[in-house]
Amino acid sequence: MNIGVLALQGDVREHLGALAESDVLARPVRRIEELDGVDALVLPGGESTTMSKLAVTFGLLDPIRKRIADGMPVYGSCAGMIMLATTVLDGRPDQESFAGIDMTVRRNAFGRQIDSFEAGVRIDDVPGGDFHAVFIRAPWVEEVGADVRVLGRVSDGPAAGRIVAVRQGNLLATAFHPELTGDLRVHRYFVEMVRHAVDAR
Ligand code: GLN
């Protein structure tokens, strides 16, 4: 099982580390040949407008869209969630996404004055209690299509109830950054998704 981390921009090293701790040797993906060599992809947190520009420059936008359409498992955190959304609110006019998850996300949704905060998030399918989630200029999900499962919402604080984790088929997205907190449950959940997808081929 080969998992790649899109390494154009963002917290690539943290995702590689979290996957290594989940017993998966993941590799950075920057070029199309590297994309061809992976079964699954992680889209890191970072800056979705920059990631979008670099994906175009590196010729990866359409190839990744195609892999997603062909069923490749992808997990996106924060900017990675934005890159998986079919509709992005408060984005740049020329901002592109890989799409895949039928949802509307709002960038920097928790308010400009709140750069980062922490909150509890309960995630269906992931046992072990509330997730201690770190949000950094994070999006939230405003709307989901019929095929999207809402996996997690903010449990407490002013943003309680906001959708921050979703899954559609082989695509998983969180508005927060489990790669930064040492709690491996989301990464392990994704690795299981990849295992199922690879076994089903
Ligand atoms: N605000 C960023 C964006 O729009 C996402 C922030 C993050 O990934 N921590 O891409």
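This report walks through the predicted model above, from the whole chain down to a few residues.

A few ground rules come with it. Residues are counted from 1 along each chain as its sequence is written. Because the model is predicted, local features need pLDDT of at least 70 and side-chain atom pairs count only at pLDDT 80 or more, while totals for chains, interfaces and linings use all residues.

## The whole chain

Let's start with the overall picture. The chain has six helices and twelve strands; helices (H or I, at least four residues) and strands (E, at least two) are DSSP runs, numbered from the N terminus. The radius of gyration is 15 Å, close to the 17 Å that the globule rule gives for 201 residues, so the chain is as compact as a globular protein of that length. That radius is taken over C-alpha atoms, and the rule is 2.2 Å times the number of residues to the power 0.38. Along the principal axes, the C-alpha atoms fill a box of roughly 45 × 40 × 35 Å.

How much of the chain is buried? Buried residues make up 47% of the 201 residues. Here, a residue is buried if 20 or more other C-beta atoms lie within 10 Å of its own, exposed if 12 or fewer, and partly exposed in between, with C-beta atoms placed from the backbone.

Contacts tell a story too: of those with a separation of 6 or more, 66% are between residues 24 or more positions apart. Two residues are in contact if their C-beta atoms, placed from the backbone, lie within 7 Å.

| Helix | Residues | Buried | Exposed |
|---|---|---|---|
| H1 | 12-21 | Val12, His15, Leu16, Ala18, Leu19 | Ala20, Glu21 |
| H4 | 61-69 | Ile64, Arg67, Ile68 | Asp62, Lys66, Ala69 |

Why do the buried residues of H1 line one face of the helix? Seen down the axis, they fall within an arc of 165°, so they line one face. For H4 the arc is 100°, so its buried residues line one face as well. The arc is that of the directions from the helix axis to the C-beta atoms.

What covers the buried side of H1 includes strands S1 (3-6), S2 (27-29) and S3 (40-43), plus helix H6 (185-199). The buried residues of H4 pack against helices H2 (32-36) and H3 (48-57) and strands S4 (74-77) and S12 (171-174).

## The annotated spot and the ligand

An unreviewed UniProt entry places the feature "active site" at Cys78, His177 and Glu179. They span 102 residues in sequence, yet no two of their C-alpha atoms are more than 10.8 Å apart, so they gather at one spot. UniProt positions are given in the numbering used here, feature names are shortened, and annotations may be inferred rather than shown by experiment.

His177 is found in the loop between S12 and H6, and Glu179 lies in the loop between S12 and H6 too. His177 is buried, with 24 other C-beta atoms within 10 Å, and Glu179 is buried with 30. Leaving out residues up to four places away in sequence, His177 touches Gly45, Ser77, Cys78, Val134 and Ile136.

Among the residues around the ligand are Gly45, Cys78, Arg107 and Ile136; a residue is near a molecule if its C-beta atom, placed from the backbone, lies within 6 Å of it.
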